[in-house]
Amino acid sequence: MANPALTEDAVNTGAVAWVLTSAALVFLMTAGLGFFYGGLVRDTNVINTMMMSVASMAIVCLTWVVFGFSWAFGDNGSTGFGMFVGNFDYSLWTNLDMKMWGDSGLPGLCFAAFQMTFAIIASAIISGSLVERMRFSAYSIMLALWSLLIYAPLCHWVWGPGGWIAEFGALDFAGGTVVHISSGVSGLVAGAIVGPRRHVEKELGPANAPFVILGGSLLWFGWLGFNGGSALSVSDGVAARAVATTFVAAASSMLTWLMLERLLKGKSTSVGASVGAVAGLVCITPGAGFVTPGWSIAIGALGAVWCYASVEVVNKVNLVDDTLDAFGLHGMGGIGGAILTGIFALDGGLIYTGSFELLGKQIVGALAGVAFSAIGTAIIVVALRLVMKLRIPEEQEVEGVDQHTHGETYHSPVKKYPQMKESESTEASDTV
């Protein structure tokens with residue numbers, strides 16, 4: 001159905017202001033992710049790691065405009081092919097300019113731009129499983145293909161017209177499955193195919209803990225728009241609820257993570273505080289507008305335990321080099337959040353109804369996201385491996401990626417000053 005023409009009466013000015021502001025907040029999250037990831041790697045790989053996030057801003061912006069948005073939100077009917085992917089009606093963002101997005105009160109371009117920021121950060125999250133060893137060119141191509149062939153169809157399943165997960169009745173308020181399960185699982189699969197790092201110095205710790213704190217804080221700040229903006233309105237109270245639950249779950253998760261570190265490792269770290277907050281933010285995402293602030297305390301605390309255990313298990317088993325724990329935080333956090341939404345959701349949650357119906361639907365939806373993301377990403381990365389090199393040369397990996405790939409370094413080059421002659425040195429000292 002064609003979108004109606006934009007008129008002054010049709011526009012909900014408050015909703016437009018909030019969603020556009022939220023789009024800016026979510027866009028900032030990708031820069032925050034760059035700092036968050038960049039602070040965790042070796043100091044010879046900081047630039048490359050941050051560039052993997054920055055590049056997604058440009059790459060996915062264009063793929064989303066050309067085909068991505070249309071494949072995600074085009075109306076292809078509610079049966080058959082339309083259950084799985086959209087169409088080409090909005091390619092190059094046609095039929096959106098000076099048009100309303102249905103009866104939402106939002107201009108079509110407002111909605112498309114907001115959704116674009118989700119596609120960007122979802123793509124960037126994948127890099128957390130690939131840094132310090134993957135060629136930047138191969139990563140860029142993979143990102144473009146992934147945003148079109150994995151993210152856009154999965155987005156249609158959950159949020160698009162006629163999408164089968166939405167029709168099935170599973171809930172995903174702001175992207176637990178669409179963003180976090182898809183990126184976390186895809187990163188793990190891609191990391192397994194690319195292979196582990198050859199040069200690991202975990203005992204050295206993060207290169208820059210303040211970067212991690214800055215990145216985590218920017219993520220938390222932007223997440224208020226990520227979850228709050230997903231209400232797409234300001235008049236029904238859902239946006240306010242989503243913002244409130246986002247604050248509370250992140251705080252609860254951070255404190256729980258710090259307590260776990262203190263009990264199990266003897267010290268509570270600044271990096272742990274940032275990682276713990278992100279774990280809570282991931283876990284509250286699918287239920288932010290569906291649960292109460294009180295229950296979001298439990299979601300944050302349980303999510304922290306779940307993600308902490310997931311990260312520890314993945315690193316201890318060590319079958320895949322999940323470099324920056326993208327799977328442990330985002331993949332497992334998204335799964336945990338989906339399950340917790342089925343338990344605590346006001347409408348249909350287990351604690352309110354005593355019924356396992358919604359919980360079962362949440363599990364099915366999450367597992368569908370896992371399966372599609374894993375299989376689809378495996379096909380993309382294996383296909384790329386057949387036609388191009390995925391890894392940087394071993395000597396460059398050992399020496400560091402930044403200088404070889406970007407011609408830049410995190411640390412300024414040591415400046416060489418001309419040496420003073422002995423006579424000049426003597427004269428200078430005599431004048432003091």
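What follows is a set of questions and answers about terms and the values behind them.

This is a predicted model, in which local features need pLDDT of at least 70 and side-chain atom pairs count only at pLDDT 80 or more, while totals for chains, interfaces and linings use all residues. Residues are numbered from 1 along each chain as its sequence is written, and side-chain values use heavy atoms, with hydrogens and water left out.

Q: Why is the pair of W101 and F111 called stacked?
A: Rings of Phe, Tyr and Trp (for Trp, its six-membered ring) pair if their centres lie within 6.5 Å, and planes under 30 degrees apart count as stacked, over 60 as edge-to-face and the rest as tilted. The ring centres of W101 and F111 are 4.8 Å apart and their planes stand at 15 degrees, so the pair is stacked.

Q: What makes this pair a tie between parts that are 10 residues apart in sequence?
A: W101 lies in the loop between helix 2 (46-73) and helix 3 (108-125), whereas F111 lies in helix 3, so the pair ties those parts together. Helices here are DSSP runs (H or I, at least four residues), numbered from the N terminus.

Q: Why is the pair of W157 and W164 called tilted?
A: The ring centres of W157 and W164 lie 5.7 Å apart and their planes are at 55 degrees, so the pair is tilted.

Q: Which residues do ring pairs link into a cluster?
A: The cluster consists of W64, F69, F73, Y90, W101, F111, W146 and Y151, and a search of the whole structure finds 29 aromatic pairs.

Q: How do you know that W157 counts as buried?
A: Buried means under 20% relative accessible area, exposed over 50%, and partly exposed in between (1.4 Å probe, protein chains only). W157 has 9% relative accessibility, and therefore counts as buried.

Q: Why does D325 count as buried, and where does D325 lie?
A: The relative accessibility of D325 is 19%, so D325 counts as buried. D325 lies in the loop between helix 10 and helix 11, and has a positive phi of about 60 degrees although it is not a glycine.

Q: What makes S91 buried, and which residues does S91 touch?
A: S91 has a relative accessible area of 13%, and is therefore buried. Contact means heavy atoms within 4.5 Å, and S91, found in the loop between helix 2 and helix 3, touches V65, V66, F67 and S70, not counting residues up to four places away in sequence.

Q: Why does A15 count as buried?
A: A15, which lies in helix 1 (residues 13-38), has 0% relative accessibility and so counts as buried. Leaving aside neighbours within four places in sequence, A15 is in contact with L106, L232, S233 and V234.

Q: What makes the charged end of K361 sit over the ring of F168?
A: A charge sits over a ring if NZ of Lys or CZ of Arg is within 6 Å of the ring centre and within 35 degrees of the ring normal. The charged end of K361 is 5.9 Å from the centre of the ring of F168, and sits over that ring.

Definitions and conventions
Helix = DSSP H or I, 4+ residues; strand = E, 2+ residues; numbered from the N terminus.
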